[in-house]
Amino acid sequence: EFLSFASITMMHLSRFCEELILWSTKEFDFIEMDDRFSTGSSMMPQKKNPDAAELIRGKTGRVYGDLITILTVMKGLPLAYNKDMQEDKEALFDGIDTLKMSLKVFTEMIKTIKVKTDNMEKAAKYGYMNATDFADYLVSKGIPFRTAHEIAGKVVLYAIERNLAIEDLPLNELKKFSDVIDEDVYEAIDLKNTLKKKKTIGAPTSIQS
């Protein structure tokens with residue numbers, strides 16, 4: 001049972017590390033890993049490898065293997081002690097050591113990450129992350145969501161063609177898509193305001209319900 005819990009914990013750590021690895025690439029450039037948890041490339045002098053995150057991601061498979069070892073040992077045993085069960089110690093102790101080490105490294109790594117908030121905000125703005133909030137705004141004005149969804153999609157396409165964010169479009173242009181759109185739309189789709197609305201546990205906001 002412990003190795004089952006350990007495997008689930010490692011799965012969550014691995015997924016988190018995968019996000020950090022992606023976010024640290026130049027394509028995303030959302031975060032920068034501290035040098036203590038990174039190394040340079042042996043070939044490319046400009047490259048910074050997120051080693052700690054990659055190793056934790058890799059060691060997840062090791063803990064999975066420990067669990068599979070125990071399950072395989074136990075699967076054919078009758079309901080009593082058998083000498084086969086001596087094989088559980090190596091897998092159990094390895095799983096414990098790997099999980100403890102991974103949690104320790106992960107915790108320290110998270111503390112030292114430099115977050116590039118400007119890049120994140122730009123990605124959210126030009127990734128049209130407030131498009132659903134725009135549709136919700138239309139719904140609040142009495143438009144059925146299906147219709148609001150269609151209008152929001154057209155607005156996003158219109159903005160993309162002009163290399164603009166939704167909130168950068170003038171009101172007179174937004175009104176071409178629906179007469180119900182008014183000045184209060186800009187408050188409704190402001191990125192910081194959209195985050196404040198998301199109050200469920202785990203939501204991307206500092207306000208948790």
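Visitor: Which residues does Ser-178 touch, not counting residues up to four places away in sequence?

Guide: Good place to start. This is a predicted model, and in it Ser-178 touches Leu-138, Ile-143 and Ile-151, not counting residues up to four places away in sequence. Ser-178 itself sits in the loop between helix H7 (171-174) and helix H8 (185-189).

Visitor: Is Ser-178 buried or exposed?

Guide: To read burial, look at the relative accessible area: under 20% is called buried, and over 50% exposed. Ser-178 has a relative accessible area of 9%, so this residue is buried.

Visitor: What about Leu-169: where does this residue lie, and which residues does Leu-169 touch beyond four places in sequence?

Guide: Leu-169 is in the loop between H6 and H7. Its relative accessible area is 1%, so Leu-169 counts as buried. Leaving out residues up to four places away in sequence, Leu-169 touches Val-155, Tyr-158, Ala-159, Leu-164, Leu-174 and Tyr-186. Take Tyr-158 from that list: Leu-169 and Tyr-158 are 11 residues apart in sequence, and their C-alpha atoms are 9.3 Å apart in space.

Visitor: Now a helix, please. In which helix does Ser-102 lie, and which backbone oxygen lies 2.8 Å from a polar atom of its side chain?

Guide: Ser-102 belongs to helix H3 (residues 88-112). The backbone oxygen in question is that of Thr-98, 2.8 Å from a polar atom of the Ser-102 side chain. With a relative accessibility of 2%, Ser-102 is buried because buried means under 20%. Setting aside neighbours within four places in sequence, Ser-102 is in contact with Met-10, Leu-13, Ile-56 and Lys-59.

Visitor: And Leu-92: what does its accessibility tell me?

Guide: Leu-92 is also placed in helix H3. At 27% relative accessibility, Leu-92 counts as partly exposed. Its contacts, neighbours within four places in sequence left aside, are Phe-2 and Leu-3.

Visitor: How should I read the domains, and how far apart do the C-alpha centres of domain 1 and domain 2 lie?

Guide: Begin with the bounds, then look at the spacing. The domain assignment gives domain 1 (1-115) and domain 2 (120-197). Their C-alpha centres lie 40 Å apart. Another distance to check is from Met-44 to His-149: these residues are 105 apart along the chain, and their C-alpha atoms are separated by 46 Å. Met-44 is in the loop between strand S2 (39-40) and S3, and at 34% relative accessibility Met-44 is partly exposed.

Visitor: What classes of residue make up the lining of the largest pocket, and which domains does the lining draw on?

Guide: The lining has 17 nonpolar, five polar and five charged residues. At least three lining residues come from each of domain 1 (1-115) and domain 2 (120-197).

Visitor: Which residues lie nearest the centre of the second largest pocket?

Guide: Those are Ser-24, Thr-25, Lys-26, Lys-47 and Lys-48, out of a lining of 16 residues. Strand S1 (31-32) and strand S3 (48-49) are the elements that each give two or more residues to this lining. By class, the lining divides into four nonpolar, five polar and seven charged residues. The space in the second largest pocket is about 380 Å³.

Note on methods
Residues are numbered from 1 along each chain as its sequence is written. This is a predicted model: local features need pLDDT of at least 70, side-chain atom pairs count only at pLDDT 80 or more; totals for chains, interfaces and linings use all residues. Side-chain values use heavy atoms; hydrogens and water are left out. Helices (H or I, at least four residues) and strands (E, at least two) are DSSP runs, numbered from the N terminus. Buried means under 20% relative accessible area, exposed over 50%, partly exposed in between (1.4 Å probe, protein chains only). A polar contact is a pair of N or O atoms within 3.5 Å; within protein, one must be able to donate a hydrogen and the other to accept it, and residues adjacent in sequence count only if both atoms are side-chain atoms. Contact means heavy atoms within 4.5 Å. Domain bounds come from an automatic or database domain assignment. Ala, Val, Leu, Ile, Met, Phe, Trp, Tyr, Cys and Pro count as nonpolar, Asp, Glu, Lys and Arg as charged, and the others, Gly among them, as polar. On a 1 Å grid over the protein atoms alone, a cavity is a set of points where a 1.4 Å probe fits but cannot get out, and a pocket is an open set with protein on both sides within 12 Å along at least five of seven lines; lining residues have an atom within 4 Å of a point. Grid points are joined across faces, edges and corners, and a volume is the space filled by probe spheres set on the points.
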